[in-house]
Amino acid sequence: MEFVFASSNAGKIREIEDLIGNRFQIKSQENWGISPPEETASTFLENALIKAKHGAAKSGKYTIADDSGLVVPGLNFEPGIYSARYAGNHASDKDN
């Protein structure tokens, strides 16, 4: 059975492959030619649902999605959903 993993994050893709093993075939959204949707929600869960619905609609396949980030009490619970863009839209992990 094939699944779409609604992510372009190579680290997350490796993690999901390690968790699932060879029981299912997981392909990233890039493998399906699916560009990521705009994440317009205010929570990790809502953004994950946006990505999952988008991947399923574009591929016609079951889609797994994740959204996560850092929530640091000492930074007023930031960066939260903005973790990947904390240092700017085109910042690297190191910059963030």
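This is a predicted model: local features need pLDDT of at least 70, side-chain atom pairs count only at pLDDT 80 or more; totals for chains, interfaces and linings use all residues.
## Nonpolar core

The largest nonpolar core is made up of six residues: F3, F5, I13, I16, I20 and I26. Two elements each give two or more residues to this core, namely strand 1 (2-5) and helix 1 (10-20). Helix 1 provides the largest share, three residues. In soluble globular proteins, nonpolar side chains tend to be buried together.

I20 is one of the core residues. With neighbours within four places in sequence set aside, I20 contacts I26 and I64. I26 belongs to the core as well.

E2 is found in strand 1. Not counting residues up to four places away in sequence, E2 touches Q25, K27, W32, K61 and Y62. The C-alpha atoms of E2 and I26 are separated by 5.9 Å, although the two residues are 24 residues apart along the chain.

Two of the residues touched by E2, K27 and K61, also make polar contacts with the E2 side chain. The side chains of E2 and K27 are joined by a polar contact of 3.3 Å, and a polar contact of 3.3 Å joins the side chains of E2 and K61.

## Salt bridges

The structure holds five salt bridges. One of them pairs E2 with K27, with the closest N and O atoms 3.3 Å apart. This pair links distant parts of the chain, as E2 is in strand 1 and K27 is in strand 2 (residues 25-28), 25 residues apart. K27 has a relative accessible area of 25% and so is partly exposed.

A second pair is D66 and K12, whose closest N and O atoms are 2.8 Å apart.

D67 lies in the loop between strand 3 and strand 4 and K51 in helix 2, so the pair ties together parts that are 16 residues apart in sequence. D67 is buried, with a relative accessible area of 13%. K51 counts as buried too, at 8% relative accessibility. Elsewhere, salt bridges with shared partners join E2, K27 and K61 into one network.

## Two serine side chains

S59 is found in helix 2 (residues 44-59). A polar atom of the S59 side chain lies 2.7 Å from the backbone oxygen of G55. Leaving out residues up to four places away in sequence, S59 touches V4 and I34.

S83 is found in the segment after strand 5 (78-79). With a relative accessible area of 15%, S83 is buried, because the buried class covers values under 20%. The side chain of S83 reaches the backbone oxygen of G80 at 2.7 Å. Not counting residues up to four places away in sequence, S83 touches G69, L70 and N96. S83 and V71 are 12 residues apart in sequence, and their C-alpha atoms are 8.4 Å apart in space.

## Surface patch

L70, one of the residues touched by S83, is also part of a nonpolar patch on the surface. The patch is formed by L70, V72, L75 and Y86, which together have about 340 Å² of accessible area.

V72 lies in strand 4 (residues 71-72). At 30% relative accessibility, V72 counts as partly exposed.

Key
Residues are numbered from 1 along each chain as its sequence is written. Side-chain values use heavy atoms; hydrogens and water are left out. Patches are made of residues with over 30% relative accessible area and no salt bridge: like charges are joined within 9 Å, nonpolar side chains (Val, Leu, Ile, Met, Phe, Trp, Tyr) within 5 Å. Accessible areas come from the Shrake-Rupley method with a 1.4 Å probe; for residues, only the protein chains shown count as cover. A salt bridge is a side-chain nitrogen of Lys or Arg within 4 Å of a carboxyl oxygen of Asp or Glu. Helices (H or I, at least four residues) and strands (E, at least two) are DSSP runs, numbered from the N terminus. Buried means under 20% relative accessible area, exposed over 50%, partly exposed in between (1.4 Å probe, protein chains only). A polar contact is a pair of N or O atoms within 3.5 Å; within protein, one must be able to donate a hydrogen and the other to accept it, and residues adjacent in sequence count only if both atoms are side-chain atoms. Contact means heavy atoms within 4.5 Å. A nonpolar core is a set of buried Ala, Val, Leu, Ile, Met, Phe, Trp, Tyr and Cys residues joined through side-chain atoms within 4.5 Å.
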